[in-house]
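Okay, thanks everyone for coming. I'll walk you through one model today, and I'll keep it short.

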Amino acid sequence: MIEKKLDRAITDFIWNVVEIHSQMENIHTSWAALLGITEPQWLILMAITELDHGGGVAGIDIANKLRVHPAFVTNQTKALEKAGFLSRRPGADDARFVLMSLTAKATAEIEKLSKRKLALNSTMFNEFDEKTLADLNVALATIAKNARLAARLLAIDIS
């Protein structure tokens, strides 16, 4: 009986994650539309915002953050550069690496959305305090790590 309840709880959790993922895609698509870009391009801008500490971000780091192929990042960042949202420059240590940073235009456009983003976050997380969210993030990071391991094990079993 306990095993059946645990299985039910895991199944419910998985479906909740699927629902959250779907809603987050809708939200990201809406943010992107406000800037006239695609949802993947919006995520690239958000990844650069998160990862850039002043020296730019390598495409491989963006790809790893978003769990996409580096060639996809290269393709999309060229379009973002053309639209004036980011600048690309060769790395000082290794010219094979292109470092990307948000432009003043991108920073200003994202800043314009900041009040709306705060309101949206408040709607989504208004029932949680900082400690609860921190604990939830620790639990989710553990599940993500274990899911990567499970996916690798499954891939080994299949091949």
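So, here's something to start with: which helix gives the most to the nonpolar patch? Keep in mind while you look that this is a predicted model. The answer is H1, with 7 residues.

Let me say what's in that patch. It sits on the surface and is formed by Leu 6, Ile 10, Phe 13, Ile 14, Trp 15, Val 17, Val 18, Leu 136, Leu 140 and Ile 143. Together they come to about 880 Å² of accessible area. Two helices, H1 (2–35) and H7 (130–158), each put in at least two residues. Take Ile 10 as one member, found in helix H1.

Okay, on to H2. This helix covers residues 39–51, so 13 residues, by the DSSP runs. From first C-alpha to last, H2 reaches 18 Å, close to the 18 Å expected at 1.5 Å a residue. And which of its residues are buried? In H2 those are Glu 39, Gln 41, Trp 42, Ile 44, Leu 45, Met 46, Ala 47 and Ile 48.

I want to stop at Gln 41, which lies in helix H2. Buried or exposed? Gln 41 has a relative accessible area of 9%, and buried means under 20%, so Gln 41 is buried. What does Gln 41 touch, if we leave aside its neighbours within four places in sequence? Gln 41 is in contact with Gln 76, Ala 79 and Leu 80.

Last stop, Ala 83. You'll find Ala 83 in the loop between helix H4 (70–82) and strand E2 (86–90). Ala 83 has 32% relative accessibility, so it counts as partly exposed. Now look over at Ile 37, which is 46 residues from Ala 83 along the chain. The C-alpha atoms of Ala 83 and Ile 37 are separated by 8.9 Å.

That's my tour, happy to take questions.

Technical notes: Residues are numbered from 1 along each chain as its sequence is written. This is a predicted model: local features need pLDDT of at least 70, side-chain atom pairs count only at pLDDT 80 or more; totals for chains, interfaces and linings use all residues. Side-chain values use heavy atoms; hydrogens and water are left out. Patches are made of residues with over 30% relative accessible area and no salt bridge: like charges are joined within 9 Å, nonpolar side chains (Val, Leu, Ile, Met, Phe, Trp, Tyr) within 5 Å. Accessible areas come from the Shrake-Rupley method with a 1.4 Å probe; for residues, only the protein chains shown count as cover. A salt bridge is a side-chain nitrogen of Lys or Arg within 4 Å of a carboxyl oxygen of Asp or Glu. Helices (H or I, at least four residues) and strands (E, at least two) are DSSP runs, numbered from the N terminus. The expected span of a helix is 1.5 Å times one less than its number of residues. Buried means under 20% relative accessible area, exposed over 50%, partly exposed in between (1.4 Å probe, protein chains only). Contact means heavy atoms within 4.5 Å.
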